[in-house]
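Welcome, and please open your viewer.

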Amino acid sequence: MTRWSRCRTWAAGALAAGLTLVMAGPIGAAPVDIRLEPLNARFEQPVHITYAPGDPNHLWIVEQPGTVRVYDLESDLLLPTPFLSIPEQLAAGGERGLLSLAFHPDFQDNGRFFVNYTDRAGNTQVVEYRVGSDPLVADPATARRLLTIEQPAPNHNGGMMAFGPDGYLYIGTGDGGRAGDPWNNAQNLGTLLGKLLRIDVDRGVPYGIPPDNPFAGRPGARGEIWAYGLRNPWKFSFDRATGDLYIADVGQNLWEEINFEPAAHSGGRNYGWNRMEGAHCYPGGSRCDTRGLVMPVAEYRHRPDMGCSITGGYVYRGRAIPKLYGYYVFSDYCSGRIWAMSTAPAAAYGQGGAPGGMWPYEDLARTSFRITAFGEDLAGELYVADHSGRVFRLLPTAQR
Ligand SMILES: [Ca+2]
Ligand SMILES: [Ca+2]
């Protein structure tokens, strides 16, 4: 599909949906005017934002050098005591460091949470902790190592983790690194690199393999694998309203992409890397066998004004910006642009031939930020992290 046809599709769909977005020049009419309001604090290289189940008042911000901070949304203040601080255990910088935090769905009762970081040897660690008597401070003595993934190179460590609606922990892993996946990890079901993993943290030692994982019990395959053919899924998310999965996979030299997996899917998909980059054979200009590969639902080509490294976000399910409801918000680290993608293309834009057709998206904001992460609070409102040290709320510009 050419860019032109995608733009036309968007314009028609946006008018039909009665929605346009700020900076959507060619469309005109009433935009969704958003503004980015900074939280009342500075952070050191924030890379992940999340909330704890059942807690509407706090936001957890992960700082890449190895500290997790808690922000009080009611008083609009950063708590002085860090939630967790483990810089001495990490190799940080570049794509390494403390990369994410996922709270157990029953955190309010069991105090359990999980972090993903690069250890001093450069390998990926998934470690469980529990909070102490104060639920806003972790007890470092509770550390329990779940998973070590050896990293052959410093880049492409994935790092995102989140619990799915099924209660299992999903872990994004990169292809290991260098360029072009020289070890062919992403297509190799015998390695955990270049995958989306799915594990059971409530059964087994140190964890269990869900019996319905697509490759559980298959000789030569790792049972943890939920999906493969990923290059560096720096961020993925579940739509809290539908359970649908969005995986934003960072591309090589040409294409950034978003992949969509319906909530009801039984797993085992091959998202294409390194036979394809976006919806194109890799390396560019080559021919490839696309049979069995799942194409992205959206992509963009590397250009200075578009970007060079996608930062996946969330489907907006908050109340502050009604016109944004149901749109997938994402960005690019290199350009600072923020976009909103339609998530109902089958209904509104199906003429293009879904599921092969691309889903339309348009500008939401243009920023000068190095955007590393989006995050939700308990209410579904969205936040965005600038690696330079700030975190912003997405808010409507005007009351409507
Ligand atoms: Ca690596
Ligand atoms: Ca792909």
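Start by selecting residues 245–249, strand E18, together with residues 255–261, strand E19: the two pair in the antiparallel sense over five bridges. Strands here are DSSP runs (E, at least two residues), numbered from the N terminus, and two of them pair if DSSP finds at least two bridges between them. Before going on, note that this is a predicted model, in which local features need pLDDT of at least 70, side-chain atom pairs count only at pLDDT 80 or more, and totals for chains, interfaces and linings use all residues. Residues are numbered from 1 along each chain as its sequence is written, while chains are lettered from A and ligands numbered from 1 in the order in which they are written.

Now pick Leu245: across from this residue stands Glu261 in E19.

Widen the view to the whole sheet. This open sheet has four strands in the order E17-E18-E19-E22, with antiparallel pairing. At its edges are strand E17 (235–238) and strand E22 (298–301), each pairing on one side only. From one strand to the next, the twist averages 10 degrees (between lines fitted to C-alpha atoms; angles run from 0 to 180 degrees between N-to-C directions).

Next, go to another open sheet of four strands, ordered E9-E10-E11-E12 and also paired antiparallel. Which strands form its edges? Select 98–103 for strand E9 and 138–149 for strand E12; each pairs on one side only. Neighbouring strands of this sheet are turned by 25 degrees against each other on average, direction ignored.

Zoom in on Ser100, and you will find Asn116 in E10 opposite.
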